[in-house]
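Me: I have a protein model open and would like to go through it step by step. Could you help me read it?

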Amino acid sequence: MINVASLFSPLKIKSYTLPDQFETTPIDGKIVFQKWRDNHSGEALMKLNIFINQPIKSEI
């Protein structure tokens, strides 16, 4: 398992903020890499999806 924040610099992901969050990186999230190949040109492609789960808010 890799910390999501450790991948941001090598992937050149820009700084961001999360709404209603104090953390700068998601506590619960995942990154999915998909390797693709164009059937016509044969070019290798990479698709990257970042999923961030919304935290459960509680009022105290």
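Me: In what order do the elements run from the N terminus on?
Reply: The elements of the protein chain run α-β-β from the N terminus on. There is one helix, and there are two strands. Helices (H or I, at least four residues) and strands (E, at least two) are DSSP runs, numbered from the N terminus.

Me: What kind of model is this, and how are residues numbered?
Reply: This is a predicted model, in which local features need pLDDT of at least 70 and side-chain atom pairs count only at pLDDT 80 or more, while totals for chains, interfaces and linings use all residues. Residues are numbered from 1 along each chain as its sequence is written, and side-chain values use heavy atoms, with hydrogens and water left out.

Me: What does the chain average in pLDDT?
Reply: The average is 77, and 78% of the residues score at least 70. pLDDT is the predictor's confidence in each residue, from 0 to 100.

Me: And which element has the lowest mean?
Reply: Helix 1 has the lowest mean pLDDT, at 76, whereas strand 1 has the highest, at 87.

Me: Turning to the strands, in which sense do they pair?
Reply: Strand 1 and strand 2 pair in the antiparallel sense, over nine bridges. Two strands pair if DSSP finds at least two bridges between them.

Me: Which residues face each other there?
Reply: R37 stands opposite A44 in strand 2, and G29 has I52 as its bridge partner in strand 2. The hairpin of the two strands has six residues between them, and G42 takes a positive phi near 80° in this hairpin.

Me: What does A44 touch?
Reply: Leaving aside neighbours within four places in sequence, A44 is in contact (heavy atoms within 4.5 Å) with W36 and R37.

Me: How much of the chain is buried, then?
Reply: Of the 60 residues, 8% count as buried.

Me: Which residues make the nonpolar surface patch?
Reply: L11, F33, M46, L48, I50 and I52 make a patch of about 510 Å². Strand 2 (residues 44-52) gives the largest share, four residues. Patches are made of residues with over 30% relative accessible area and no salt bridge; like charges are joined within 9 Å, and nonpolar side chains (Val, Leu, Ile, Met, Phe, Trp, Tyr) within 5 Å. A salt bridge is a side-chain nitrogen of Lys or Arg within 4 Å of a carboxyl oxygen of Asp or Glu.

Me: Where is I13, and what does I13 contact?
Reply: I13 is in the loop between helix 1 (5-8) and strand 1 (29-37). Apart from neighbours within four places in sequence, I13 is in contact with F8 and I50.

Terms used
Buried < 20%, exposed > 50% of the residue type's maximum accessible area, 1.4 Å probe, protein only. Areas by Shrake-Rupley, 256 points an atom, 1.4 Å probe, with all protein chains shown as cover.
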